[in-house]
Amino acid sequence: MSLKQIGLALLALVMLVPAVQAADMKIAVIDSEMAVLESDASKRYSKESEKKFAPRIKLIQSLQEELQKMEADLERNAPTLSQTQVEAKQLEMRRKYEDLQMQDRQLRMDKNQADQQELSQLRPKLEKAIEEVSKEQKYDMVIERGAVRYVKPDYDITRQVIERLNKMK
């Protein structure tokens, strides 16, 4: 969202204030990101994800350590090696570094894809939890927490939504 769009949105909100007061609307805020991250489902996923990707993370760390040892070894032994030997070691290090980069890039892509898949499964539950809490507490409007600068804690329904999310299967 550009600054201009944010400015227009804030202007629209400011213009709505008198109308909201006149209509006696009940408004709440929600921090959707916090609700998702602090839900039991998200915490479970995080632990499962850690286990799932741990072997690949260890592989990347061992590649990094191996590369560091190779660099230190070359630096230490370079004066006693021939030009051909130095070039061969540099080529081996370059290949190891490229492998490291490829492994890291693939891990990040796979992790991101898994995260997005989990988020896509949680999103409908989040929307349903927000809707249920809003209806129970008779809120006319729910605004994302990031869209307002200040709100009384009484009007923040994030904790109730987290509790509702945790009760859902």
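Reader: What should I know about the model before I start?

Author: It is predicted, so local features need pLDDT of at least 70 and side-chain atom pairs count only at pLDDT 80 or more, while totals for chains, interfaces and linings use all residues. Residues are numbered from 1 along each chain as its sequence is written, and side-chain values use heavy atoms, with hydrogens and water left out.

Reader: How many helices and strands does the protein have, and in what order do the elements run?

Author: Helices (H or I, at least four residues) and strands (E, at least two) are DSSP runs, numbered from the N terminus. Here there are 5 helices and 2 strands. The order from the N terminus is α-β-α-α-α-β-α.

Reader: How do I read burial, and what percentage of the residues count as buried?

Author: Buried means under 20% relative accessible area, exposed means over 50%, and partly exposed lies in between (1.4 Å probe, protein chains only). Of the 169 residues, 23% count as buried. For the surface, accessible areas come from the Shrake-Rupley method with a 1.4 Å probe; for residues, only the protein chains shown count as cover. The protein exposes about 12,600 Å². Carbon and sulfur atoms supply 53% of that area.

Reader: Which residues have the most contacts inside the largest nonpolar core?

Author: A nonpolar core is a set of buried Ala, Val, Leu, Ile, Met, Phe, Trp, Tyr and Cys residues joined through side-chain atoms within 4.5 Å. The largest one has 14 residues. Those with the most contacts inside it are I30, A35, L126, I130, I157 and V161. β1 (27–30), α2, α4 and α5 each give two or more residues to this core. Helix α4 gives the most, with 5 residues.

Reader: What does V161 touch?

Author: Contact means heavy atoms within 4.5 Å. Leaving out residues up to four places away in sequence, V161 touches I30, A35, L126, A129, I130 and V133. Apart from this core lies another, of 12 residues; Y45, L67, L74 and L107 are among them.

Reader: What share of the contacts join residues at least 24 apart?

Author: Take the contacts between residues at least 6 apart in sequence: 82% of them join residues at least 24 apart.

Reader: How do I read a salt bridge, and how many does the structure hold?

Author: Side chains of opposite charge can pair when their charged atoms come close. The criterion is a side-chain nitrogen of Lys or Arg within 4 Å of a carboxyl oxygen of Asp or Glu. The structure holds 10 salt bridges. One of them joins R159 and E38, at 2.8 Å from N to O. That pair links distant parts of the chain, 121 residues apart. R159 is in helix α5 (residues 158–167), and E38 is in the loop between α2 (32–37) and α3 (40–77). R159 is partly exposed at 44%, and E38 is partly exposed at 29%.

Reader: Why are D115 and K111 separated by about one helical turn?

Author: Because they are 4 residues apart in helix α4. D115 is partly exposed at 26%; K111 is partly exposed at 29%.

Reader: Is R164 buried or exposed?

Author: R164 is buried, at 17% relative accessibility. E136, its salt-bridge partner, has its closest N and O atoms 2.7 Å apart from R164 in that pair. E136 lies in helix α4 and R164 in helix α5, 28 residues apart. E136 is exposed at 52%. Salt bridges with shared partners join K128, E132, E136 and R164 into one network.

Reader: Where is Q137, and what does Q137 touch?

Author: Q137 is in the loop between α4 and β2. Q137 is partly exposed at 25%. Q137 touches K26, I157 and Q160, not counting residues up to four places away in sequence.

Reader: Which ring does the charged end of K26 sit over?

Author: A charge sits over a ring if NZ of Lys or CZ of Arg is within 6 Å of the ring centre and within 35 degrees of the ring normal. The charged end of K26 sits over the ring of Y139, 4.8 Å from its centre.
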